[in-house]
Amino acid sequence: MFVSYCPFLLCLIGMSYFVPAKHYDPDTTEPISSNLQSLDELLSWKRSEASPFNVATVPLANRQPSYAASQKRTLVCHDMMGGYLDDRFIQGAEVETPYAFYHWDYIDIFNYFSHNMVTIPPVCWTNTAHKHGVLSLGTFITEWTDGAKMCEKFLADKESYCAVADKLVEMSDCYGFDGWLINIENVLSETAVKNMPPFLHYLTDCMHKRVTGSVVIWYDSVLQDGKLKWQNELNDHNRVFFEACDGLFTNYNWTESSLEFMKVYSAAQGRLADVFVGVDVFARGEVVAGKFETNKALSLIRKHGFSTALFAPGWVYECHDKTAFRMNQDKFWGLLSEHLFIHRPFFLLPVVSSFCLGFGKNLFQKGQVEQRGNWFNLNAQELQPHYYTETLENQGWIRTQGCPEDAWSGGSSLLIEGVIPSTLSKVCARIFSLHVPLATRTFVSFIYKVSDGVSLSLELKLADAALCTHSNTEDVNCELSNTHMHKCQLCHSYLTPSGLGCALRDICVNVTRDGGEQATPFKCRIGEIMVLDAESLLVSPVSVQSVHVDDIVWQKAVGSDSGNIMKLHLNATIKWCYPAQLIRHFCIHWRRLRGPDPRVPPGQLALVGRSYSNLFRVVDLVVPDAPALIELAVEPVTREGFRVPEANWGRHVISYIEGDHSVGAE
């Protein structure tokens, strides 16, 4: 067990330490994601002053097909009410009906968009995108008269545009996202427009060298003569910008004639996949289609072999009843699915998902409520399954969707419901498509609850069934009691695959009618699926190391449950070291060790919150008045959901007294 100790002098009036307002909420000091609004702010940006909380911790997962191999790509441009809403709170927020995206298997790029000059994606979006193998892009935008003035400055000469590009590259590398959408929506002078292609080329080249797999995409706006005139296609007026970067995002008022022209246009040859034909989901202006008819526009785009950029698909949230958001989002993407392509994550074991959407009505651990109340934190979103509705023969059907009403771990489970038609004895729901090499001995865990009249089984489909077999299968079934998921079943299996290159390709759930031949409605909830290397279950737990605390802020305020009594509040950042690939999340606890009354025994550990990286901001924690001694504890929860022994936790002891001068360690 790693324990660290530090003493503090407590000034009970005001704050004893200060944190940068740019990266922390001014009222609570909780960490927030933010943007840059001016050229001066961009050029003065320093990596040493970047927010450590906004650094992505999830590496970009591999997938099949890869981005380079995808011929008809899909980009989502997330423009919602100015951006930086509830998602700006890095450690999450209490939100009853939040917006979240979870159809990751359909898309290639997620672009976070706002009308600030430099839009840095909130870290929760980059982490969640990377988990599913999706690129995360920021936005660099200039607009109107002020934008033209900025462009005159940074495009004045090579030194100026290289300085801007270098900052954008360093920022992307620092925060861990994968490139930029460049959106210049103002007139450019002769000098500025002449320097724009070299700027794009330099930025793109530097991004490729610094950030593996990165892309830079140009939005269709300015012409090669500097005029602001949207073309709605790739043509002679804007090809110079397209040829200097990785792709073009066209404006939205195209026609099928535009697509036919681009398909044979010389600059597009060999690069049709780099032309992202824009679709405004709000359907503003003269467009082919949008809203719940966006599929009509996408059908034409795919017919001619192009990629697409879907602008503001959050329309399903902004313009409809928030309580029906998930239903409308599933409907929207279901209508598009015919023209989208499922990508398979390509990684090594383990495969673990509790189907958490990144929000919920309560926070669960092992089927028990760990914290009550609505919450939202996309960092908690786990590997997402296929969400779809399939019509079967004889009025049968099957549907998969998220279920925040019930959960095993996190905030939601996977609901599978439908009707087994009289002509079938079972139906199959494909949950995951992936490519994962299996271990010599593989452990499978399946947690679920199911309605009466049907039985569930998990089916693992291998990449080449002719070459891959499995033997020595051992099944263990048991019923879990005292869980929120009533009558929850836990199934464990060991299987021993044989054959070279044996890999898992699909994970499916079979729903079988228990008897009879009549149509059978069913409803089941999947709490968790795990496929592990059995050897990993024997590995000794790793200990948390190098725990320390900084950025302390003490405040005296009225507690939420203490009437008008002033209480002492602690705000502090706790950091530690632990291998990121081993972890699902960390639980942060605290307890009083001593003080202010020495006759009172030490308190019990109490949960403060969860962290999805190796640092956590303690916010408004009510602690004993000085003098006192308190302890913060970091508990790792492994990828498999196992809690490690307390001996492997990290701990930090804080001693504080009231006074006017520095104190030494006790």
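## Packing of helices H7 and H8

In this predicted model, helix H7 (residues 256–264) packs against helix H8 (residues 294–303) at an angle of about 20 degrees, and their axes are 10 Å apart. Helices here are DSSP runs of H or I with at least four residues, strands are E runs of at least two, and both are numbered from the N terminus. Axes are lines fitted to C-alpha atoms, for helices over the stretch in contact, with angles running from 0 to 180 degrees between N-to-C directions. H7 and H8 are therefore roughly parallel to each other, a term that applies to angles under 35 degrees.

The crossing of H7 and H8 is right-handed, that is, the near helix is turned clockwise from the far one by less than a right angle. H7 contributes Glu256, Leu259 and Lys263 to the contact, and H8 contributes Leu300, Ile301 and Lys303; contact means heavy atoms within 4.5 Å. By class, the contact of H7 with H8 comprises three nonpolar, no polar and three charged residues.

## Cysteines

The structure holds zero disulfides, a disulfide being a pair of cysteine sulfur atoms within 2.5 Å. For Cys124, the closest cysteine sulfur is that of Cys356, 13 Å away and too far for a bond. Cys124 counts as buried at 5% relative accessibility (buried is under 20% relative accessible area, exposed over 50%, partly exposed in between, with a 1.4 Å probe and protein chains only).

For Cys319, the closest cysteine sulfur belongs to Cys77, at 16 Å, which is also too far for a bond. Cys319 counts as partly exposed, with 42% relative accessibility.

## Cis peptide bonds

Gln64 and Pro65 are joined by a cis peptide bond with omega about -10 degrees. Pro65 is placed in the loop between strand E2 (62–64) and strand E3 (74–78).

A cis bond also runs from Gly595 to Pro596, where omega is near -5 degrees. Pro596 is in the loop between strand E28 (583–594) and strand E29 (606–611).

## Positive phi angles

Ala283 is not a glycine, yet has a positive phi of about 60 degrees. Ala283 occurs in the loop between strand E10 (275–280) and H8, and counts as partly exposed at 27% relative accessibility.

Asp620, likewise not a glycine, has a positive phi of about 55 degrees. Asp620 lies in strand E30 (residues 615–623) and counts as partly exposed at 34% relative accessibility.

## Basis of the values

Residues are numbered from 1 along each chain as its sequence is written, and side-chain values use heavy atoms, leaving out hydrogens and water. As the model is predicted, local features need pLDDT of at least 70 and side-chain atom pairs count only at pLDDT 80 or more, whereas totals for chains, interfaces and linings use all residues.

Notes. Angles under 35 degrees count as roughly parallel, over 145 as roughly antiparallel, 65 to 115 as roughly perpendicular and the rest as oblique. Ala, Val, Leu, Ile, Met, Phe, Trp, Tyr, Cys and Pro count as nonpolar, Asp, Glu, Lys and Arg as charged, and the others, Gly among them, as polar.
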